[in-house]
Amino acid sequence: MSSNDKKSKRINRLTRWIWGLFLFAIIFGILFIISIRINLGNLYGEFPSYRSLENPKNELSSLLFSADNVLLGSYYRKNRSQIEYKDLSPELVNTLVFTEDYRFYNHSGISFPDLVRVAIKTILLQQADAGGGSTITQQLAKNLFKTRTDLNDGKLNDVPLLGMLIIKIKEMIMAVELEKNFTKKEILAMFLNTIEFGGNSYGIKVATQTFFNKTPAEINYQEAACLVAMVNKPTRFNPVRNPEISLEKRNQILRKISNYAVLTPEDVDSLTQLPIELNYKVDSHNEGLATYFRSYIRDYLMNWCDDNGYDLWEDGLRIYTTIDSRAQIHAETVVKEHMKYLQDMFLEQWGNRNPWVDDNGRELRDYVDNAIKRTGRYRELVEKYGENSDSIRIVLNTPYEMKVFSWDGEIDTVMSPIDSLKYFKKFLNCGFMAMDPNSGQILAWVGGINHTYFKYDHVKQGTRQPGSTFKPIVYAAAIANGYSPCFEVVDAPVTFSLPGQVPPTYTPPNSSGKYTGERMTIRKAMASSVNSITAYVMKNIGAQNVVSYGKRLGISTPLDPVPSLCLGTSDVNLYDMLGAYSTFVNEGIYTEPYFITRIEDKTGKVLQDFPARTKEAINPETAYLMIHMLKGATEEEGGTAQGIGMDIREGNEIGGKTGTTNNASDGWFIGVTHNLVAGAWVGGDDRSIHFSSWYNGQGARTARPIWENFMRAVYEDEELGIEKGHFNQPKRKLSIEIDCDEYSTMSTEESDTLQIDNNTIDVSEDDIF
């Protein structure tokens, strides 16, 4: 055998060996990929099911909308909202594609030229800046299915280099599957929806809002380049945290995309000279419209989700509420303006004195010590140091830097926890709500003065003594039992016997401390808030009757059947009280105030409608007579709503009732018109905190101006469509006379001896929601 034959034979053998090795590599590779796809022996970690690849699920914020379709807020673990391709600006799409994956429109999920480039630069040339070989679709797979975390739990995933190879192959397989199931436009939109941009911004819609206060459709090239820079490194290229690095990267991207003819060199020169113009604002549950409402409704929605198998924080629900954003804005504006005025007056009255005092006006010396013990900070310190440790006192009296609330904006200051408590306890707080009495829909909800610093909701969560605003419930019980608004009673002391108690009797005083001896109708008595006459009525009809009617009218908090109930001594909330007053307007039909109309899933499918829940609480005649009674506040001499401006009263029927508790700890006003019932409460965090004078703390001065200014604002807002008008007239002739001149022809004996049996009214569970 010649040397040439031997050489040829060796070459053929080597060729066969190379081809065999190549074939083996191909077969091994195919088997390796298949074994990864089926997760053979749990070596590689889970792989998404075909269903999840066809319908990938992204964690989405649930959105809360007003009745006029304004976004009020969202609930999320990661703040993310979906967009579609049509919502993206061409500038944003071009910048993304030509920066991240310029072959995007020409591959089916995997870009082999880019894989070869990366392999050569990394393995052969050992370059650290070889660039990425992952396509946009592969990156989408990584983001959607969390390949680096959730799917990275196989037995081989912790092996160096091999673990990353397994992840990359998984992402390639998923990318091919995604390309089969979605169009290029859908993949681009899905990718932008999955990106974390920093600043608690997940997805392009939230990012454009957070960084530029724009929609994705409004983004220009320089803004798009700034956002695309954060696609893979949201912290390093964050324009807020690292403005210089972000600017350099933005300009680098602008120059890169000019290579693909989307920008001219002149455009690039011009754009790179511009600074990054941010309008940066991170979404916060403490900011925006209806913060207290959003906080209250959150617990309600969580319970609904638990009952119906949804996750509020990631299922992208769309919740439509009854809140009208325009009415809400008016409510928040008038509360802010009036409470700032009241706070200035409050602090001026107390001067250097502390406002927590006893019934005799003396400072409560142990108030601060008791109040600090109710705080979470104190409980943490007790758990850390022990109940009686001196360290607790030291920590609580050590100043440190903090921000505090003021009506002129946040203040950076240095305070100890004790001094901070004293500072915040001096603020008056407020609750306000407005609703449509005919539908039961709540239009505005203001639970306090600032949700960042005062979390407690004073619409439904908080309960306080209503004072004289409870009197209409007492009179409703009386009228339902035969009293006429014209029934006359003498303003004189009324004494209740309390056997076995100390003292053994109770005589409700008038707010003035005097009894006039004047004979007046119960309509005038309610309008002027004469306590002795309400006590007379209560004594005749019985406290238990009043409790029963309170429950009929929707009061859900406990009502004590005691004589002092006639003056509103049992705690109630503003929500229930407005529901009760609305019953009078709604011809005796109690409609539970409600705040959700429907809930949809992320595709717009209605999951549940929320109709009004109603029941007949009192008959229509009683309801109309109570409206007549409430109108006395503006029509009777001495009525507590006489001060309402004529611009609101003209051409309008208005009823209302003020309420003021002992020492003016609570100021209330609830007003009713034919199409709107609204009410306000004003007071301190504790009943011991109040104005130093009853005059300044009474409901007519603290709460009624909020109602009045709100009504003025909604009447001036033509878009709202809330108009002045008259209450509905009774459909049948009244069985009780309300013309007091005619009524006075009745014999004095009949008028003075009208009595009602003290029988209770049975209320079944079906009558109470």
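These questions and answers walk through a predicted model of one protein chain.

Visitor: How many helices and strands does the protein chain have?
Guide: The chain has 769 residues, and 51% of them are buried. Its secondary structure comes to 29 helices and 20 strands.

Visitor: What share of the contacts with a separation of 6 or more joins residues 24 or more positions apart?
Guide: Contact here means heavy atoms within 4.5 Å. Among contacts in the protein chain with a separation of 6 or more, the share from residues 24 or more positions apart is 70%.

Visitor: Is L31 buried or exposed?
Guide: L31 sits in helix α1, residues 3–38. Exposed means over 50% relative accessible area. L31 has 53%, so it counts as exposed.

Visitor: How much accessible area does the nonpolar patch with L31 have together?
Guide: The patch lies on the surface and includes W19, F22 and L31. I26, I27, I30 and I34 are also among its members, along with L23. Together they have about 810 Å².

Visitor: Which side chain of opposite charge is nearest to D101?
Guide: D101 is in the loop between α3 (90–100) and α4 (112–124). Leaving aside neighbours within four places in sequence, it contacts L96, H107, T135 and I136. D101 is buried and has no salt bridge. At 6.4 Å, the nearest side chain of opposite charge is K184.

Visitor: Is G699 buried or exposed?
Guide: G699 is in helix α26, residues 699–702. Beyond four places in sequence, its contacts include G659, T660 and W668. Its relative accessibility is 0%, so G699 counts as buried.

Visitor: How many residues apart are D686 and R374?
Guide: D686 forms a salt bridge with R374, with the closest N and O atoms 3.8 Å apart. The pair links distant parts of the chain. D686 is in the loop between β20 (677–683) and α25 (694–697), R374 in the loop between α14 (367–372) and α15 (376–385). The separation is 312 residues.

Visitor: Which residues are linked with R374 in a network of salt bridges?
Guide: R374 counts as partly exposed, at 47% relative accessibility. The structure holds 25 salt bridges. The residues linked in the network with R374 are K425, D685 and D686.

Visitor: Is R523 buried or exposed?
Guide: R523 forms a salt bridge with E635, the closest N and O atoms being 2.5 Å apart. E635 is in helix α23 and R523 in helix α19, 112 residues apart. E635 counts as partly exposed at 47% relative accessibility. R523 has a relative accessible area of 7%, so it is buried.

Visitor: What is the N to O distance in the salt bridge of D571 and R687?
Guide: D571 is in the loop between α21 and α22, and R687 is in the loop between β20 and α25. The two are 116 residues apart. Their side chains meet in a salt bridge with an N to O distance of 2.5 Å.

Definitions and conventions. Residues are numbered from 1 along each chain as its sequence is written. This is a predicted model: local features need pLDDT of at least 70, side-chain atom pairs count only at pLDDT 80 or more; totals for chains, interfaces and linings use all residues. Side-chain values use heavy atoms; hydrogens and water are left out. Patches are made of residues with over 30% relative accessible area and no salt bridge: like charges are joined within 9 Å, nonpolar side chains (Val, Leu, Ile, Met, Phe, Trp, Tyr) within 5 Å. Accessible areas come from the Shrake-Rupley method with a 1.4 Å probe; for residues, only the protein chains shown count as cover. A salt bridge is a side-chain nitrogen of Lys or Arg within 4 Å of a carboxyl oxygen of Asp or Glu. Helices (H or I, at least four residues) and strands (E, at least two) are DSSP runs, numbered from the N terminus. Buried means under 20% relative accessible area, exposed over 50%, partly exposed in between (1.4 Å probe, protein chains only). Lys and Arg count as positive and Asp and Glu as negative; His and the chain ends are not counted.
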